[in-house]
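Let's go through this one together, a question at a time. Have the sequence and the 3D view open as you read.

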Amino acid sequence: MESLSERVSEISGYWSDKRSSYLLIFSPYFDGRFLYPVEVKSYLNYFRSRLAAQTADIHAKDGSEFSVCALCNSHSSNVVNLDQVFAFATFDKKCFLPGNIDSVENKKKIFPLCPQCYKEMSEGRVRIDSVFTDAKSLHGIRIYVVPELLAGTSKFVKASTIARNFVQKGLEREPYISDGIMRMNDEVVLHFVFWEKNQAQERLLLMVEDVPPSRLKRAEEAWMSSAEATGIAKLFKEYNKSYPGSSILYRVLGLMWSKVMELAGKSEGEQNYTRDWMLGIEGRILAGEHINVEAVKSFFVSRIQGLCADHDWVQKSSKYFARDIACIVDFLYRLNEKEGSL
């Protein structure tokens, strides 16, 4: 404690930013080894008591003795629901059946979890948030990029080095779709979940499952062909030098997103509609589905007139905007041809 008093100015400086939250943990050493907080019994017991307090004693409220866990099928008298892990598992929306009423009976029906499964799901959520979250590709939207090893965990050692590294390390310190993903073969498939923070809830926007890396590679190849044809390939190569580790696909998704949202209008309703429409297109790119390019062209043609009324924009940005739009449209046509030829 005397040593802490001597360093109080240094320590207090760690939480000087009022906009951020901090947790300061002091840990002792045991037999010369650093002791982590979860190894301290009193610390662990405290959080176990908090975990127990969140569980619902279902049988005491509805008369039944046990509830069946939705994951492991075990019988438990204390269950929690999935909304304790993912805030988008909500019960206050009538469209979320049977969530017409937020009641014990409905929580029991939707997705009850026993204490052990709740613990594992919570740990998995923390893992995804820390290493498998793309927070840069699309402004305001987070993307979970979660790998699944098709060979199974029993053959994990035999998987390629790149695949093992991604399963273990995720996106590491660069939270975007990385170039390493493009270098994997199809022994791994990827699951994409697009969501945004909406006050206390998490709004699920789009989910695309079972995306093989080879499909992402074809998308990159189609884009580079379009980039060469429209004269912006050089810009993309320079961008990759400035941001090593990022994939071309990451830049493509961001460019398409920015150009469409630039024409989305000012009202919140119009922006939300345009955003969801664009997410649907990018979801089709990941899923390898046919894209209605005529609708994309109509969107650009009908809305670009508003920007043309701005003289400064016409002088400074119209040339590059038109070039980018031409590349996007050409890319979507090429992508339809590639997917249709498989």
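Q: Which elements each supply at least two residues of the lining of the largest cavity?
A: This is a predicted model, where local features need pLDDT of at least 70, side-chain atom pairs count only at pLDDT 80 or more, and totals for chains, interfaces and linings use all residues. Residues are numbered from 1 along each chain as its sequence is written, and side-chain values use heavy atoms, leaving out hydrogens and water. A cavity is a set of points, on a 1 Å grid over the protein atoms alone, where a 1.4 Å probe fits but cannot get out, and lining residues have an atom within 4 Å of a point. Helices are DSSP runs (H or I, at least four residues) numbered from the N terminus, and the ones asked for are α11, α12 and α13 (293–308).

Q: Which helix gives the most to the lining of the largest cavity?
A: The lining is made up of M256, V260, W277, M278, I281, V296, F300 and I328. With three residues, the top contributor is α12.

Q: How many nonpolar, polar and charged residues does the lining of the largest cavity have?
A: Ala, Val, Leu, Ile, Met, Phe, Trp, Tyr, Cys and Pro count as nonpolar, Asp, Glu, Lys and Arg as charged, and the others, Gly among them, as polar. Sorted that way, the lining of the largest cavity comes out as eight nonpolar, no polar and no charged.

Q: Are α11 and α12 roughly parallel or roughly antiparallel?
A: Axes are lines fitted to C-alpha atoms, for helices over the stretch in contact, and angles run from 0 to 180 degrees between N-to-C directions. The axes of α11 (residues 248–262) and α12 (residues 268–287) come within 10 Å and cross at roughly 155 degrees. Angles under 35 degrees count as roughly parallel, over 145 as roughly antiparallel, 65 to 115 as roughly perpendicular and the rest as oblique. So α11 and α12 are roughly antiparallel.

Q: How are α12 and α13 oriented to each other?
A: Their axes are 12 Å apart, and the packing angle is about 150 degrees. That's why α12 and α13 are described as roughly antiparallel.

Q: Which residues in α13 meet α12?
A: Contact here means heavy atoms within 4.5 Å. On the α12 side, the residues are E270, T274, W277 and I281. Their partners in α13 are A295, V296, F299 and R303.

Definitions and conventions. 1 Å grid on protein atoms, 1.4 Å probe; cavity = no way out; pocket = protein on both sides within 12 Å on 5 of 7 lines; lining within 4 Å.
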